[in-house]
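I opened my notebook to look up one chain, entry by entry. I wrote down each thing as I found it.

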Amino acid sequence: AQQSPSYRAYVAWDLPTRLFHWVNALAVIGLLATGIAILNDDALGFSAEGKVLLKSVHVSFGYVMALNLLWRFVWAFFGNRYARWRAVLPGGPGFIAASKAYAASFLSGEPQQYVGHNPLARIGVALLFLLLLIQVGTGLVLAGTDLFWPPFGSLFAEWIAAPGVDPSTIQPGASDLIDKTAYDSMRAFRGPLVEIHEITFYVLAAAIVLHLIAVVVTEVHEGGSITSAMFTGRKILTREPPDAL
């Protein structure tokens, strides 16, 4: 008779890591939704005031994502072994060998089961972190140029303020308080950042779709309760994981 698989529970994701994941997911959904609206604001018939409000909501989601991402990077030094940098990012001793072994096992139909991220997933996580960092960096600069919000808003307000005008009084649309030449120069500066932000927006959206597909495929072929583990913190595995304690 065929032996039934032996199930064993492993502690995988600690609470701060799980909270980061879900806060980040909600923030990214909010950013994608408002970002799409911003890209189509004229077609959607937003007024000038409506566009400012829409950007304000978008940037607010961006602040949440930025602070959450910063927290995750700090926690990568203090969290459990599966939350730390060496278990999250690709590279390190034995990474190439582990990647080959995982790929071979996946193709064989009996993929290795990892408590933390498998080697290929670590590459995906690194890509997502990089894209999020690009969006945070460019987004914070653009928030300064459009809304004059921190951390760079005061610098841009000083740049474009007309002579004798207090930069702190400059608000979006205050054309009578700005120096036209300086404003045009500032807009030229922000142009490439807008392009990077928009391109990364689409790449990030595609990467998130690929991430969801990878989770489903891995869940089906590898098992290990990957999805539920991000709620419970525990994975139920049927084979001895290479990264077990």
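This is a predicted model: local features need pLDDT of at least 70, side-chain atom pairs count only at pLDDT 80 or more; totals for chains, interfaces and linings use all residues.

**Entry 1: Q135**

Q135 is found in helix α5. Next I looked for a partner of its side chain. A polar atom of the Q135 side chain lies 3.3 Å from the backbone oxygen of H197.

**Entry 2: helix α5**

I then followed the helix that holds Q135. Helix α5 covers residues 119-146, which is 28 residues. From its first C-alpha to its last, α5 reaches 41 Å. That is close to the 40 Å expected at 1.5 Å a residue.

What sits at the start of α5? I found N118 there. A side-chain oxygen of N118 comes to within 3.0 Å of the backbone nitrogen of L120.

**Entry 3: the loop after α5**

I moved on to what follows α5, and found F148. F148 lies in the loop between α5 and α6. Its phi is positive, about 60°, although F148 is not a glycine. I wrote a reminder beside this: most residues other than glycine have a negative phi, and most peptide bonds are trans. F148 counts as buried, because its relative accessibility is 15%.

P151 lies in the loop between α5 and α6 too. I checked the peptide bond from P150 to P151 and found it cis, with omega near 5°.

**Entry 4: L155**

I went on to helix α6, residues 153-160, where L155 lies. L155 is exposed, with a relative accessible area of 52%. I looked up its distance to G144, which is eleven residues away along the chain. The C-alpha atoms of L155 and G144 are separated by 7.9 Å.

**Entry 5: salt bridges**

How many salt bridges does a search of the whole structure find? The search finds five. I looked at some of them in turn.

D146 forms a salt bridge with R187, and the closest N and O atoms are 3.4 Å apart. D146 lies in helix α5 and R187 in helix α7 (residues 180-222), so the pair ties together parts that are 41 residues apart in sequence. D146 counts as buried, at 18% relative accessibility. R187 is partly exposed, at 32% relative accessible area.

D184 and K180 meet in a salt bridge as well, at 2.9 Å from N to O. Both residues lie in helix α7, four residues apart, which is about one turn of the helix. D184 is partly exposed, with a relative accessible area of 40%. K180 is exposed, with 56%. I also noted a network: salt bridges that share partners join K55, D146, R187 and R190 into one.

D42 and K51 form another salt bridge, with the closest N and O atoms 2.6 Å apart. D42 is exposed, with a relative accessible area of 59%. K51 is partly exposed, with 25%.

**Entry 6: a patch on the surface**

Which residues form a nonpolar patch on the surface? I listed L67, L70, W71, V74, F77 and F78. Together they have about 660 Å² of accessible area. I picked out W71, which is in helix α2 (residues 48-75). W71 is partly exposed, with a relative accessible area of 37%.

**Entry 7: the whole chain**

Last, I stepped back. The chain has eight helices and two strands. From the N terminus on, the elements run β-α-α-α-α-α-α-α-α-β. Is the chain compact or spread out? Its radius of gyration is 23 Å, well over the 18 Å that the globule rule gives for 245 residues, so the chain is more spread out than a compact globule. I also looked up the box that the C-alpha atoms fill. Along the principal axes, the box is roughly 85 × 35 × 30 Å. Of the 245 residues, 40% count as buried.

Definitions and conventions: Residues are numbered from 1 along each chain as its sequence is written. Side-chain values use heavy atoms; hydrogens and water are left out. The expected span of a helix is 1.5 Å times one less than its number of residues. A polar contact is a pair of N or O atoms within 3.5 Å; within protein, one must be able to donate a hydrogen and the other to accept it, and residues adjacent in sequence count only if both atoms are side-chain atoms. Patches are made of residues with over 30% relative accessible area and no salt bridge: like charges are joined within 9 Å, nonpolar side chains (Val, Leu, Ile, Met, Phe, Trp, Tyr) within 5 Å. Accessible areas come from the Shrake-Rupley method with a 1.4 Å probe; for residues, only the protein chains shown count as cover. A salt bridge is a side-chain nitrogen of Lys or Arg within 4 Å of a carboxyl oxygen of Asp or Glu. Buried means under 20% relative accessible area, exposed over 50%, partly exposed in between (1.4 Å probe, protein chains only). The radius of gyration is taken over C-alpha atoms; the globule rule is 2.2 Å times the number of residues to the power 0.38.
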